[in-house]
Amino acid sequence: MKDIERVTVIVLDSAGVGELPDAKDFGDEGSNTFGHIAEAVDGISLPNMQKMGLGNLTNIKGVDPLVETNGAYGKAKEASKGKDTTTGHWEIGGVILEKPFPTYPNGFPKEVIEEFEKRTGRKVLANKPSSGTVILDEYGEEQMKTGAFIVYTSADPVFQIAAHEEIIPLQELYNACKIALEICNEMSPVARVIARPYVGEGKGKFTRTSNRHDYSIAPPKETILDKVKAAGLDVIAIGKTSDIFSGKGVTDSRGTNKDNKDGILKTIKALKEDTKGLIFTNLVDFDMVYGHRRNPEGYANALIEFDNYLPEIIENMKEKEVLIITADHGCDPTYKGTDHTREYIPILVYGKGVKSVNIGERETFADIAATIEEILLNKEVEGSFAKEILE
């Protein structure tokens with residue numbers, strides 16, 4: 001265990017591998033993100049993740065199971081009662097939420113909206129659950145006329161604020177998000193407030209921009225990021241990772257302003273650097289661009305793009321490094337509605353000395369944090385699969 005100097009975790013945001021036993025309680029019975037995407041496109045070729053054992057986790061057309069893999073593989077249940085990004089990432093980081101965040105199927109309470117209007121000096125439109133594209137078609141033109149904020153939520157515990165970049169400056173939108181987070185912390189708890197800037201001339205022509213920003217509450221307990229940082233090691237957060245953990249435990253935050261490819265290339269750059277500790281990457285397009293928009297073809301192409309980059313990722317790993325590819329929940333693009341789905345997450349592990357072994361069905365995402373702690377900090381932790389996977 002002492003030989004490993006760095007662990008890289010890549011979260012394929014929303015890439016679940018089949019319904020959890022309690023999926024019915026969440027209205028997600030029968031969901032399977034990877035499996036249904038492959039069916040929708042009549043088979044998918046992901047040879048590099050296949051070699052790592054992806055096809056052994058669920059039935060994926062075009063990705064057959066293998067007897068001998070080039071790494072360890074398994075899947076994990078979510079112990080927390082949720083299926084959102086924050087809950088999933090925190091559990092990967094070692095924090096299991098005993099109580100789920102509340103959601104707001106009827107919009108936010110009147111007093112929350114009134115306080116938000118008072119403190120921002122702008123009125124609010126919508127205040128209801130909606131998809132990001134539908135809400136713009138419904139209220140975008142009205143916002144351009146009135147200068148009000150479009151506030152909406154989803155099946156997740158989020159307070160989202162959409163604003164046309166030519167009507168409301170980005171900095172004002174970001175400040176409004178900070179105000180909203182303060183108000184929600186006092187009155188109506190959420191996991192995140194999300195800035196959703198957009199551009200366009202009118203209905204059917206509005207598009208969201210890459211200037212999205214997430215404002216999360218801080219994890220209630222110490223995460224693996226905090227522990228690695230406290231040990232004097234590097235914690236490089238790529239994509240929206242730092243936002244999800246509210247900056248806690250991060251020594252170097254590298255956001256992505258474009259797409260998954262930007263996050264992949266930033267990860268490769270980080271791999272080439274002489275650091276020790278943790279690289280933690282979130283690739284959000286799987287979820288934001290394809291899952292929520294119910295686009296299995298786009299999702300499939302994004303998975304193929306990532307798989308095509310895997311050889312370069314592996315090529316740039318250091319000799320004393322372990323790579324973990326996982327997810328934070330599901331978002332089956334063939335499923336009803338536009339929300340996340342309650343699914344197992346994949347765990348694919350690669351590195352010199354990592355055995356070809358099935359680590360089975362883990363009871364919690366937090367086994368990933370336990371394993372990182374044992375590998376990097378040389379501590380025996382309950383739930384760790386370090387000894388199962390390393391020579």
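1. Cys-177 has a relative accessible area of 0% and is therefore buried; buried means under 20% relative accessible area, exposed over 50%, and partly exposed in between, with a 1.4 Å probe and protein chains only. The model is predicted, so local features need pLDDT of at least 70 and side-chain atom pairs count only at pLDDT 80 or more, while totals for chains, interfaces and linings use all residues. Residues are numbered from 1 along each chain as its sequence is written, and side-chain values use heavy atoms, with hydrogens and water left out.

2. A disulfide is a covalent bond between the sulfur atoms of two cysteines. The search counted a pair of cysteine sulfur atoms within 2.5 Å and found zero disulfides in the whole structure. Cys-177 is in none: the nearest cysteine sulfur, that of Cys-184, is 10 Å away.

3. An unreviewed UniProt entry lists Asp-287, His-292 and His-340 under "binding site"; such annotations may be inferred rather than shown by experiment. The three span 54 residues in sequence, but no two of their C-alpha atoms are more than 8.4 Å apart, so they gather at one spot. Asp-287, His-292 and His-340 are also in the lining of the second largest pocket. A pocket, on a 1 Å grid over the protein atoms alone, is an open set of points where a 1.4 Å probe fits, with protein on both sides within 12 Å along at least five of seven lines; lining residues have an atom within 4 Å of a point.

4. Asp-287 lies in helix α10, residues 285-291 (helices are DSSP runs of H or I, at least four residues, and strands are runs of E, at least two, numbered from the N terminus). Asp-287 is buried because its relative accessibility is 4%. Leaving out residues up to four places away in sequence, its contacts (heavy atoms within 4.5 Å) include Asp-13, Thr-85, His-292, Cys-331 and His-340. Cys-331 is itself buried, at 0% relative accessibility.

5. His-292 is in the loop between α10 and α11 (296-315). Its relative accessibility is 22%, so it counts as partly exposed.
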